Amino acid sequence: MSFKEQVLKSPVSRRRFLQASAAGGATTVIGVGMTLKEQKAIAQPQNDAAAQTKITKSICHQCPARCGIDVYTTNGRVHAIYGSTEHPIANGKLCPKGPLGAYILYDPDRFKGPMKRTNPKKGRNEDPKFVPISWDEALDIAAGRLNALRDKGESHRFSLIYGRGWGESCAGLQGTFGKLYGSPNVAIGHSSMCSDGSIKSKQATDGNASYNAHDYRNTNYLLLFGCGFLEAFRPYNYSMQMWGHMRSKSPKTRVTAVDVHINTTLAASDRALLIKPGTDGALALAIAHVILTEGLWDKAFVGDFEDGVNRFKTGQTIDPALFKEKWVKGLIEWWNLELKDRTPEWASEVTTIFTRDIRNTAIEFGSTRPAMALFERGVHTHSNGIYNGMAVHTLNALVGAFFAKGGMMYQMGPAYGPMPVSADDYMDGYAKDGPWKNFPRIDLKGEKEGYLLANNMLQDVGPNSLAGNPYKLDTAMFYLSNPVWTAPNGKVWEEALKEVFVIDTSPFPGETAMMADLILPDHTYLERLQDAPSYPFEGYPLTQLRVPAVTPLYDTKYYGDTLIEIGKRIKGPMGEYYKQLKDTENVLRHLAKGFEKNPGDNGVNDFESWKEKGVWYKKPYFWQQRDGVFYEWDGKDYATVMSEEEVKSKLFKTPSGKFEIRSGWLESQVDWIAEKTGRDPSKLMFPIWEEPKHPGGGDLYMVTPKVALHAEGRGANLPVAISLLQPTMGGRDQVYIEIHPETAKQRNINDGDQVKLKSDVGEIKGYVRLYEGVRPDTLVFPMEHGHWAHGRWAKGREPGHSGEITVNQSDRITGQANYYSTKVTIEKV
Ligand code: SF4
């Protein structure tokens, strides 16, 4: 019997064989792995009078919001997904992506089992010619490479790269894996290609390297800087619910939104400010200037002049001894060095926003309590991102928003129990002191010659490996990460991965998977048992359990278990550790033991009740700041006054224990920053104005926001998500590049024309739509399209992918990839 005849014998094997043949883009089989009959069988619920309908409480995984879902299955097939009414984030609601989970589960282009590559040539036009193999063979191949590297003393050449994994039972296992195996490159997260610019701006000022939680219910003013609150601000479903609440309560929460085009958020706000890309920091400085000169700052939180006389006068310096700072550090120095001249008139020149709008926004924001200023990628994905972010975040200090009712705080973690075994007991000599200790991380994170202060530099892993600087990777494994497509100028990654043994754990045939040598496919989220601690939302601790709604459709394996199974095959005590760990269910059962002492408000007190309800949470948030005094929850109320030391250890984790306008974190590396960036060492620790750098060689800014149906790339192969992708410029099955009519006219471009966008690193094509809501100097289109793999609906859609023309430039301090910095040219095709 031939190999083909053998695999065609069983239905699952047959599908895997066909899918393997087609995954690389070959068109030799019907529907990439399934006959029409098979596809219909998957798509149709069975007409069975005795059908059993079951509801599984689980957690959505299409974005970091992690909404609770009720998954309805009948005879083992998912037919509906609703928001769980008992879940604090979902509240019975979902965003438009939430009900689409079944499309992900039944995606006909999914990988259906482990496979290995048989075509040694790699590239976007090469069919990998994957062939199915058993899990044993696949795991042996992966572990064999890792053992061989360790035997040669080259374990540093193995890297594990991950994206959206926050659970202790998936990404949480990776640090231990790296520690026991011995590689500085296990694991490298995607945060520098996400929002490290935001996190690091917060680390620099309030000492918390994290996203904020928010008390939207009680806020009366939102100042939104480039954060797409109604498009992509997280947790998205919750943000939309809170928008409804804020905009209908009395008093209504007023909103000023700042962006480069009229998106859904700006259209729904009270004031829309169209800003020149990369200049949000200038606007924030001018708002701060007005708040101070008008005497609107929160004196109980910030402090005041000893005699109560306001000495903030434009252009005039102040004696710092006259001002008594309370919970901020460096206000008067900042004023003297930077802020005294940052008037609305000055900012108007920089940002192109009218002076009166800047002044009115500042007066409204400064005189409304509670108020918050939020920001994301529009602010910090620029070369000056750290300063833009610090300037916006300082506005929150000026109005006393930190830990206040109606303000912002930081998310508490869940009360997990300890892991089943301690990794420290399984460290061999190699893990403790092997040659790998002499090597830097491949991305030069933490290195003086690289990015000393960054969390990660994922965008540089591919380029560095290709250049052999500091060395070449031998083997790279990917979890929920597709940098060949998502990295700026991802073509460099394509070249880099041609010479690396690539292991991809994605369930989907994405671009990085097409470069893979080994596919170890994960379950989709409706098939997984996985913990999912909350993304920051209301601050109190909350963690969730993703409970499988169906038995896995195919021969896939949860990534956490794949990692444990590889670990079991590593020689020495490391293998023993993973045998003791057993599997992810065992890990989760041990984590849930923490709930025995800390039962959740919904009665969850062990693994079984967690599994039944899908979520553990415990209100309230522990801390509150009122009128410049910090209180801790005493069991009944926020009544226990906190000392300065307690505030420092629990809330403002800065060197001074205060909100640092003069950043102690930046000051601690002042020489390095000054040497690498050429910045003034006397000013670089303050929120300062700095012109952004715009590489690319073009004359128009290119901004590629996330939109509601973006789904972090996981919606790329869902036709319904694609059809709804562009909220303001929608079309039928077509996403447009937004261009201002005047800009188009100057270039002889008409509505609907096909155009070419070019930068120094490449060119893409797409169709334009004339839109008066976009700045004349800026082109806007969502970053979702332009896949060259990822499935039948994802592939080949225009406009081309923005990453192909985005220059790989990063903020030297935060490591943030500058996705919105590149300037491009546009011309009619
Ligand atoms: S907001 Fe995110 S987690 Fe919630 S339903 Fe939408 S995609 Fe799912």
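## Domains, ring pairs and salt bridges in a predicted model

The C-alpha centres of domain 1 and domain 2 lie 39 Å apart. Domain bounds come from an automatic or database domain assignment. Domain 1 covers 115-189 + 430-533 + 542-616, domain 2 covers 205-411, and domain 3 covers 700-828.

This is a predicted model: local features need pLDDT of at least 70, side-chain atom pairs count only at pLDDT 80 or more, and totals for chains, interfaces and linings use all residues. Residues are numbered from 1 along each chain as its sequence is written, and side-chain values use heavy atoms, with hydrogens and water left out.

**Aromatic rings.** The whole structure holds 43 aromatic pairs. Rings of Phe, Tyr and Trp (its six-membered ring) pair if their centres lie within 6.5 Å; planes under 30 degrees apart are stacked, over 60 edge-to-face, and the rest tilted. Phe158 and Tyr181 are edge-to-face, because their planes meet at 85 degrees, with centres 5.7 Å apart. This pair links distant parts of the chain: Phe158 is in strand 6 (residues 158-162) and Tyr181 in helix 6 (residues 174-181), 23 residues apart. Helices (H or I, at least four residues) and strands (E, at least two) are DSSP runs, numbered from the N terminus.

Tyr181 also pairs with Phe177; centres 6.4 Å apart and planes at 35 degrees make that pair tilted. Phe177 and Tyr181 are 4 residues apart in helix 6, about one helical turn. Both Phe177 and Tyr181 are buried. Buried means under 20% relative accessible area, exposed over 50%, and partly exposed in between (1.4 Å probe, protein chains only). Tyr181 has 0%, and Phe158, also buried, has 1%.

Elsewhere, ring pairs join Tyr216, Phe229, Phe233, Tyr238, Trp243, Phe537, Tyr540 and Tyr617 into a cluster.

**Salt bridges.** There are 46 salt bridges, each a side-chain nitrogen of Lys or Arg within 4 Å of a carboxyl oxygen of Asp or Glu. Among them are these:

| Salt bridge | N to O distance |
|---|---|
| Asp307 and Arg311 | 2.5 Å |
| Arg589 and Glu608 | 3.3 Å |
| Glu763 and Lys756 | 4.0 Å |

Asp307 is partly exposed at 46% relative accessible area, and Arg311 is partly exposed at 25%. Arg589 is partly exposed at 34%, as is Glu608 at 45%. Glu763 is partly exposed at 42%. Salt bridges that share partners join Asp136, Asp140, Glu565, Lys568 and Arg569 into one network.
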